[in-house]
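Please look through the structure below before reading on.

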Amino acid sequence: MNELINGRQANPPVDPMSSQYDTTSERGYSSGISPVEHVLLAAANHRNWVIGIITGALLLGLLATFLATPQFSSTARIEILTDSPIATNVEGQRDRVLINEVAFYNTQYSLLESESLAERVVRAGNLTADKDFAAAFGLEDPEAGMTSAERRDLTRGAAQILLNSLSVTPVRNSSLVDVSFSTPSPQLSAKLTNLWVTQFVQSTIDRRFAATSDARQYLEGRLARLRENLEASERALINYATNKGIVTISTETDTSGRTSNRTLVASDLAEVSSALARAREMRITAEAELGNSVTGSAQINAPTISGLRQRRAEIGAELARLRTQFGEDYPAIVSLRAQLANLDRSLSAETTRSSQSNREAYNAAVRRERELQGELDALTNKYNTQQRESIQMAILQREVDSNRQLYEGLLQRSKEIGVAGVGPNNISIVDSAKPAKAPSSPSLPFNVALALLLGVGLASAVVFLLEKMDSSIRDPQEVVSRFELPLLGAIPELVDRDVADAILDKKSPIYEAYFSLMTNLSFLTDHGAPRSIMLTSSRPKEGKSNSSLSLATVLAATGKSVILVDADVRNPSLNRYLDIPNKRGLSHYLSGDDDLDGMIAPLDAFGFSIVTAGKTPPNAAELLGGDRMGKLIETLLTRYDHVLVDSPPLLGLADAPLIARRVEGVVFTIEANSTRNREIGTALTRLRMSGARLFGAIVTKVGARNQVYGYGYGYGYGYVYGSDKDAA
């Protein structure tokens with residue numbers, strides 16, 4: 001027996017949580033719940049904190065609502081248009097326009113909330129001296145002897161108050177903007193709102209005109225300098241042309257603004273060249289007509305020569321006719337011969353005269369050609385000289401052109417700025433602000449909702465911290481990872497029933513849980529469930545007595561003979577649970593009373609017997625550590641199949657380690673959601689130092705808050721499911 005109790009078993013106990021034995025499937029544990037249910041369960045676990053925090057937040061919200069000064073809001077609506085809207089279908093251009101519009105409107109919104117505008121409004125409305133404004137925001141009246149620095153500080157303070165009360169809200173998908181002020185006075189809110197939007201419009205106009213005026217002044221200065229440069233360059237160009245004798249008769253300007261000059265020499269050269277070409281043509285023509293008496297200058301005598309030749313042909317024909325009839329001495333024939341001779345002499349004289357006219361015309365053409373050639377050569381030399389001199393003139397001309405282009409461009413820009421400066425403003429007031437009829441804040445529904453939201457948030461944070469700080473056992477599986485103990489069972493929490501009543505109902509979740517515990521114990525030794533078992537815990541009220549009672553009942557239901565010994569002689573509890581007398585018991589036996597049969601009380605309703613704790617002795621540790629405790633267990637094992645010992649808690653007492661050496665092994669009881677890791681670790685250390693054998697742990701009072709880990713409602717679900725199935 002001692003070897004069984006103190007030595008190690010040849011076959012180590014089977015881990016009930018290993019794959020060889022799946023306790024979760026037998027006990028009907030659920031597989032898990034959703035994150036929302038997890039949060040709700042955590043809140044339910046700390047419901048006192050949650051209710052307190054949310055209630056406090058609601059009370060604070062109500063208190064803040066009733067104590068807050070009513071605020072009246074007035075709103076004015078303005079329209080802001082871009083300066084130069086662009087319509088385009090080109091994708092890249094359209095994106096660029098959208099980006100520019102976004103930047104433009106963001107700039108306008110920033111200007112609406114700028115400190116400069118706030119100070120402008122303060123000065124325009126003389127708000128530092130406004131009694132309504134000072135009364136609304138608790139400002140002191142300005143003193144007459146204030147310095148300029150103090151007045152600036154006062155203005156800045158009033159401007160900051162305005163900015164704190166200002167609200168700028170763009171209207172979605174439009175160019176409209178709502179500007180609102182909230183003050184304790186509805187008239188003051190409307191006044192400030194209208195003053196703000198009016199000054200914003202006016203400041204925009206002032207900026208436009210200021211920018212136009214600055215640009216105009218800058219351009220006027222530039223124009224004056226460019227005008228001087230243009231006049232100086234033109235003067236240099238004219239002086240150079242005069243000194244070099246270059247006479248310009250015409251100028252032309254192309255599309256790029258470049259000026260080309262036509263000089264007198266170039267014009268003369270072109271004319272002389274044209275005249276020379278014509279003279280050369282005339283000379284060639286006259287040369288070709290030298291031997292012709294009909295063309296050229298001979299054309300003047302051509303009719304006379306033609307008439308003479310026709311007359312001679314007629315006389316020759318008449319002479320030939322008469323010669324056929326008469327002889328040579330016939331008077332008519334002699335007369336006709338004399339006429340032919342005269343006509344021949346006349347034709348010869350006229351032909352000679354025509355040839356002489358063509359010769360004279362040819363000679364005149366040759367002379368004209370030579371004269372023009374000489375003049376052309378002279379002009380060419382002069383033109384070449386001017387061309388070499390015109391390089392510098394072209395440089396001066398380009399300088400004149402550049403200065404003229406700059407001057408004309410700036411002059412045009414100055415005219416455009418002058419026109420744009422008087423254009424319409426792109427900001428206009430659509431709706432003016434009116435005094436509000438009802439306060440806009442505080443809003444009781446909004447404040448309550450906000451307080452509720454803040455309370456829920458704060459409660460969530462507190463619950464989260466409490467959950468993180470809580471080192472108690474939430475998941476029964478944690479006993480394996482934290483303390484290297486096999487998990488023998490998870491016992492559900494009983495809310496509306498007594499353990500003594502519930503364990504007698506074989507369909508109850510509590511019976512199913514302890515039956516599963518008994519089954520797991522049967523795998524720990526080669527002879528089945530251990531014959532002598534001590535149940536203990538780290539501190540009182542963790543369920544070890546209930547577990548002892550329930551385990552004894554389940555073992556007895558299997559046909560085993562079981563006896564339960566209440567070894568908690570300092571604070572006995574089993575007699576109270578079972579409503580039985582505690583006159584004689586364990587303390588009497590340990591003190592030397594050998595009437596064991598008189599101490600054993602059978603419990604027919606539960607199927608096992610019990611030895612109560614007896615009267616509380618003054619030396620409990622000495623009695624429990626004596627030899628009679630071991631003798632008692634050995635004696636009981638000869639009469640019963642199983643001996644269960646309900647021992648005192650481990651912390652603060654030496655009783656449990658003394659008893660643990662007398663039994664086959666110990667089942668450690670841990671209360672879920674209550675016992676801290678440090679307490680459990682300390683208790684287990686004391687137990688292991690005593691040399692006791694630890695079978696494993698059971699986690700008691702597993703309730704709804706443990707559902708997130710798959711425990712808590714599994715027994716109830718399994719029972720209901722089985723009941724429905726049987727009913728079906």
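**Rings, then a sheet**

The charged end of Arg628 is placed over the ring of Tyr589, 4.3 Å from the ring centre; a charge sits over a ring if NZ of Lys or CZ of Arg is within 6 Å of the ring centre and within 35 degrees of the ring normal. The model is predicted, so local features need pLDDT of at least 70 and side-chain atom pairs pLDDT 80 or more, while totals for chains, interfaces and linings use all residues. Residues are numbered from 1 along each chain as its sequence is written, and side-chain values use heavy atoms, leaving out hydrogens and water.

There are 6 aromatic pairs in the structure. Rings of Phe, Tyr and Trp (its six-membered ring) pair if their centres lie within 6.5 Å; planes under 30 degrees apart are stacked, over 60 edge-to-face, and the rest tilted. Phe133 and Phe137 make a tilted pair, with 5.0 Å between centres and 50° between planes. Both belong to helix α7 (residues 131-137), 4 residues apart. Helices (H or I, at least four residues) and strands (E, at least two) are DSSP runs, numbered from the N terminus.

An open sheet of mixed pairing has 8 strands in the order β7-β14-β13-β8-β12-β9-β11-β10. Its edge strands, β7 (487-492) and β10 (600-603), each pair on one side only; two strands pair if DSSP finds at least two bridges between them. Strand β7 runs parallel to β14 (residues 694-702), joined by 4 bridges. Leu487 has Ala697 of β14 as its bridge partner.
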